[in-house]
Each structure stands twice: as C-alpha cells, then as structure tokens.
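Here are a few friendly notes to read alongside the model. Keep the structure open and find each residue as you go.

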Amino acid sequence: MSEQISPLIRRAGSGDAQGVAEAFLAARAEMTYLPHLHTDEETRAWIAGVMLPSSQVWVAELRGRVVGFAALRGDWLDHLYLAPAAQNGGVGSALLGHAKKARPRGLDLYVFQRNTGARRFYERHGFTLVAEGDGSANEENLPDAHYRWRP
C-alpha cells in the first residue's frame with residue numbers, strides 16, 4: 001500500500017502529455033487482460049494530439065511528478081488512470097473528487113468488467129451500475145460496465 005500523501009491536482013497543459021502518457025501506459029500494462037492494440041508511440045501521439053486538446057484533463061502530482069490523471073468530456077469521465085506506484089494512496093480519490101466538483105450534476109463512465117478493483121473503487125465513491133455491455137462498443141472488444149454518479 002502506498003503512503004498517504006495529498007497530491008497536487010491541477011489542470012493539464014500540453015507540456016503534461018509525456019507525464020500523462022507514462023501514467024496511462026504504466027497503468028494499462030498492469031491490466032494484463034487488455035489486448036495490445038497500439039504502440040506506445042501511437043498512444044503518446046493520441047494523448048498529445050487528441051485526448052489533451054479535446055478533453056478537460058486534470059493531473060495529480062506527487063513530489064513534482066505526474067502520477068495520474070482524469071479526463072472529462074461533457075458529463076463523461078473518459079479516463080482516470082494512476083501509475084501503479086500511486087495506487088491505493090488516495091490519489092485516485094482526490095482526482096475523482098475533483099471530477100465530481102467539476103461536474104456537480106453527475107458523471108457517467110465505462111469500466112471493463114474484469115477491472116474489479118476499479119469497479120469497487122467507483123462503487124465506494126457512490127457510482128451505481130447502469131448496464132453491462134458485451135464489448136462491441138469499445139475498441140478492445142471486452143465486456144464493459146456503465147456506471148453513473150448523481151449527487
């Protein structure tokens with residue numbers, strides 16, 4: 001379990017693309033059930049050229065280093081990823097709390113059904129299951145779950 005340190009949460013800028021990509025790639029590397037669809041270089045280009053410009057992204061920093069991020073698009077939490085070393089120390093809760101404050105009317109998200117840790121995390125934070133899907137709507141073709149939070 002990581003030590004409990006309060007992260008700095010701030011709005012991401014274009015200069016954060018590398019840190020965001022590192023957290024994203026490290027977190028997904030731990031999700032061994034995911035198919036490897038893109039090279040690391042393609043993922044970095046997508047983060048810098050698509051995700052950061054088209055979403056409201058907040059990063060979590062510990063000791064001056066980006067260790068996680070949350071990306072909002074409309075009322076959807078499209079991404080919340082933490083570097084493995086930053087997990088279970090309150091960083092994810094801090095990012096999610098920031099996302100809830102940014103969307104006080106509510107949030108929706110998708111999570112892979114096999115990501116039981118993330119499912120427990122969201123349920124602990126007040127999200128309820130709306131529906132489970134067969135994966136036909138996501139690029140990985142893995143069964144997913146739609147969760148919703150309303151205040």
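This is a predicted model: local features need pLDDT of at least 70, side-chain atom pairs count only at pLDDT 80 or more; totals for chains, interfaces and linings use all residues.

1. On the H1 side, the contact is made by Ala17, Val20, Ala21, Glu22, Phe24 and Leu25. On the H2 side, the residues taking part include Trp46, Ile47, Met51 and Leu52.

2. Next, look at H1 by itself. The helix covers residues 17-29, 13 residues in all. From its first C-alpha to its last, H1 reaches 18 Å, close to the 18 Å expected at 1.5 Å a residue. Which residues of H1 are buried? They are Ala17, Val20, Ala21, Ala23, Phe24, Leu25, Ala27 and Arg28. What covers them includes helix H2 (40-54) and the strands E2 (56-62), E3 (65-73), E4 (76-82) and E5 (107-112).

3. Is Ser55 buried or exposed? Its relative accessible area is 9%, which is why Ser55 counts as buried, the cut-off being under 20%. Leaving aside neighbours within four places in sequence, Ser55 is in contact with Arg11, Ala71, Leu72 and Arg73.

4. Now for the nonpolar cores. The largest has 24 residues, and Leu77, Val91, Leu95, Tyr122 and Phe127 touch the most other members. Elements giving two or more residues to this core are E2, E3, E4, H3 (91-102), E5, H4 (116-124) and E7 (144-149). H3 gives the most, with four residues. A second, separate core of 22 residues includes Ala21, Phe69, Ala71 and Leu142. Ala21 is also one of the H1 residues in contact with H2, and Ala71 is one of those touching Ser55.

5. Not counting residues up to four places away in sequence, Val91 touches Pro7, Ala60, Leu62, Val67, Leu82 and Ala86.

6. Finally, check two loop residues. Most residues other than glycine have a negative phi. Arg63, in the loop between E2 and E3, has a positive phi of about 50 degrees although it is not a glycine. Asn141, in the loop between E6 (128-133) and E7, has a positive phi near 60 degrees. Arg63 is exposed, with a relative accessible area of 69%, and Asn141 counts as exposed at 52%.

Definitions and conventions
Residues are numbered from 1 along each chain as its sequence is written. Side-chain values use heavy atoms; hydrogens and water are left out. The expected span of a helix is 1.5 Å times one less than its number of residues. Buried means under 20% relative accessible area, exposed over 50%, partly exposed in between (1.4 Å probe, protein chains only). Contact means heavy atoms within 4.5 Å. A nonpolar core is a set of buried Ala, Val, Leu, Ile, Met, Phe, Trp, Tyr and Cys residues joined through side-chain atoms within 4.5 Å.
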